[in-house]
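We will go from one bridge to the next.

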Amino acid sequence: MQAKKRYFILLSAGACLVLLFYFGGAQLPEYNIHISPRQKRDVNTSVYKGKRCRMDSCFDFSRCKKNDFKVYVYPQQKGEKISESYQNILSTIEGSRFYTSDPGQACLFVLSLDTLDRDQLSPQYVHNLKTKVQNLPLWNNGRNHLIFNLYSGTWPDYTEDLGFDIGQAMLAKASISTENFRPNFDVSIPLFSKEHPRTGGERGFLKYNSIPPFRKYMLVFKGKRYLTGIGSDTRNALYHVHNQEDVVLLTTCKHGKDWQKHKDARCDKDNAEYDKYDYREMLHNSTFCLVPRGRRLGSFRFLEALQAACVPVMLSNGWELPFSEIINWNTAAVIGDERLLLQIPSTVRSIHQDKILALRQQTQFLWEAYFSSLEKIVLTTLEIIQDRVLQQESRSSVMWNSHPGGLFALPQYSAYLGDFPFYYATLGIKPHSKFTAVIHAVTPLVSQSQPILKLLASVAKSQYCAQIIVLWNCDKPLPAKHRWPATTVPVIVIEGENKVMSSRFLPYETIITDAVLSLDEDTVLSTTEVDFAFTVWQSFPERLVGYPARSHFWDSNKERWGYTSKWTNDYSMVLTGAAIYHRYYHFLYTNFLPASLKGMVDQLANCEDILMNFLVSAVTKLPPIKVTQKKQYKETMMGQSSRASRWADPDHFAQRQTCMNKFASWFGGMPLVHSQMRLDPVLFKDQVSILRKKYRDIERL
């Protein structure tokens with residue numbers, strides 16, 4: 001009976017409160033309101049007023065049709081503080097091929113106001129951003145704008161509130177939830193530290209594949225444990241699966257100024273065990289690395305695990321993984337569930353070693369393709385948006401998820417994978433069985449005994465030659481047709497564009513074959529040498545294959561890169577005066593490299609061959625391939641035989657040293673790779689009859 005009375009009294013009191021609240025007779029104090037998930041969503045919706053935005057509803061495609069995909073960065077305003085990381089983002093965009101200084105040509109706009117850190121407790125927080133953004137003359141409610149952000153919200157809830165209305169702007173945001181992520185509109189980016197390199201970046205740590213692919217530890221983690229608040233549940237429970245043997249999950253309470261005030265019974269034990277292990281040693285010696293959420297959904301542990309070839313085990317429910325629009329994370333990570341923490345050890349133990357090896361290799365590809373530098377993160381973001389804008393020229397999933405990656409596979413070249421040199425093995429096809437020779441001519445044709453005519457005759461006799469293009473970069477007028485020798489293959493003479501060095505690598509439509517044999521006019525090659533080089537290239541279609549080799553070295557005294565033509569036991573470049581490569585590299589050279597590097601080459605009339613080697617090695621991560629050839633070439637020969645040759649210029653060698661360092665600076669490191677491999681014909685120099693040798697003429701040279 002007493003229970004019924006209490007229930008009746010509580011029910012009556014509740015009804016009265018509801019009536020009072022409904023008629024405005026009472027208002028609940030704000031600090032007593034429990035914020036439900038639905039109310040949180042309403043809060044987020046008020047911040048993201050364009051939550052329903054998609055490309056077709058909140059993006060003006062007409063701005064991109066006239067000038068393709070160009071990006072405008074607002075001029076920096078005096079007195080505005082800007083973090084180093086955000087300055088690096090802006091510098092990357094301004095140095096890219098997408099940049100335009102004319103807002104009238106822009107398809108996309110990026111603020112100069114620092115939006116990376118929107119935590120009000122952070123010293124990097126920019127105040128009054130709402131007013132500053134609204135006063136921008138080109139803001140247009142955020143339409144066609146891209147906003148970069150790493151940190152949003154603040155203690156204790158760490159919501160995704162940026163503190164200002166982003167309108168119809170796109171977000172490139174770290175730690176973004178699937179709930180607030182607008183598919184095919186926003187871009188999820190990784191959380192990176194302020195120490196993350198701007199360009200280049202370190203290679204992945206996987207040096208060789210061990211079979212079986214198991215390491216000292218099966219699963220590791222080392223990081224902070226939050227005693228209260230958001231993000232504390234998962235990390236507080238890790239001790240349940242820690243076994244001190246092959247599953248080592250370490251947490252510490254020792255962070256923050258007043259951690260001792262909040263310490264629990266496990267803190268002292270956790271802290272002591274935490275100090276026993278070296279994080280780097282664990283990272284490099286574990287098969288899997290746990291990546292639990294922190295205060296926010298993202299974590300620095302994610303990129304650290306990728307670089308270390310430690311397969312990430314994601315434990316952050318609701319996190320939209322970085323670049324999820326283009327990357328298939330199931331091939332490089334294990335996606336766990338926070339609610340099933342106790343099952344994680346048995347889950348990773350059940351993964352077959354073949355799968356582990358594949359996962360590990362993919363972590364290295366993804367790290368080096370998209371995450372090793374801030375530049376790659378920013379350019380990947382822009383390329384994703386460009387693919388949306390230019391839908392008819394967008395990349396396929398294969399391009400994004402296989403070597404060399406989306407940044408080097410430009411869809412403007414072709415929509416068919418078989419037109420690129422990287423996918424022949426995947427598609428089970430072979431390159432075209434013929435080549436196009438491109439001879440770079442810079443001296444007038446005055447005699448029938450000139451080297452270019454002998455070279456043309458030798459190349460034309462090759463069974464693999466489809467056509468010969470003579471690129472006339474000479475100041476004198478084109479010779480009459482009858483001056484060129486009669487050949488069994490077409491000879492096409494093209495006037496060079498602006499008579500500059502870079503024009504030899506333009507993607508001419510007249511090049512109809514996959515292979516390009518690049519030749520200087522004074523190169524001396526026999527038909528046999530040409531045939532052999534082409535047959536070698538057919539086995540390595542993504543690489544440079546040729547005869548004259550050069551090398552680079554680090555000069556510790558001058559602290560700079562050096563260039564050498566000395567004959568040693570290794571090399572890292574094959575000069576394009578006599579080299580075969582895929583025609584796609586003409587397109588990449590023209591459309592990927594910045595105008596500053598190509599302008600330097602044209603001004604010096606030098607180094608174009610070095611720049612092409614840098615480009616191909618940056619794409620393939622492999623050295624070129626040298627094939628057998630007689631010893632003398634260019635720098636050792638032409639100084640005596642032709643004073644008109646640029647190889648005889650005393651400044652030529654010094655210029656090439658300068659080029660090496662300028663190119664290395666732009667690439668963010670040295671992409672060239674040394675090799676000690678030279679490919680000779682079978683039976684080359686063997687003590688057998690010359691009649692048994694296929695390429696017998698090579699030995700007579």
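## Touring the disulfides

Select Cys289 and Cys310. With 105° about the S-S bond, their link is right-handed. This pair ties together distant parts of the chain, 21 residues apart. Cys289 is in strand β10, residues 286–292. Cys310 is in the loop between α11 (301–307) and β11 (311–315). The sulfur atoms are 2.1 Å apart. Keep in mind that this is a predicted model.

Is Cys289 buried or exposed? Cys289 counts as buried because its relative accessibility is 3%, under the 20% cut-off. Cys310 is buried too, with a relative accessible area of 0%.

Next, select Cys607 and Cys659. A disulfide joins them, S to S 2.0 Å. The link is right-handed, with 85° about the S-S bond. Here again the pair links distant parts of the chain, 52 residues apart. Look for Cys607 in the loop between α20 (595–604) and α21 (608–620). Cys659 sits in helix α23, residues 652–667. Both Cys607 and Cys659 are buried.

Move to Cys53 and Cys58. They form a disulfide with sulfur atoms 2.0 Å apart. Look along the S-S bond: at -75°, this link is left-handed. Cys53 is buried, and Cys58 is buried as well.

Then select two further cysteines. Cys465 counts as buried at 4% relative accessibility. Cys474 is also buried, at 3% relative accessible area.

Finally, zoom out. How many disulfides does the structure hold? It holds five. With the bonded cysteines numbered in sequence order, the pairing reads 1-2, 3-4, 5-6, 7-8, 9-10.

Technical notes. Residues are numbered from 1 along each chain as its sequence is written. This is a predicted model: local features need pLDDT of at least 70, side-chain atom pairs count only at pLDDT 80 or more; totals for chains, interfaces and linings use all residues. Side-chain values use heavy atoms; hydrogens and water are left out. A disulfide is a pair of cysteine sulfur atoms within 2.5 Å. Buried means under 20% relative accessible area, exposed over 50%, partly exposed in between (1.4 Å probe, protein chains only). Helices (H or I, at least four residues) and strands (E, at least two) are DSSP runs, numbered from the N terminus.
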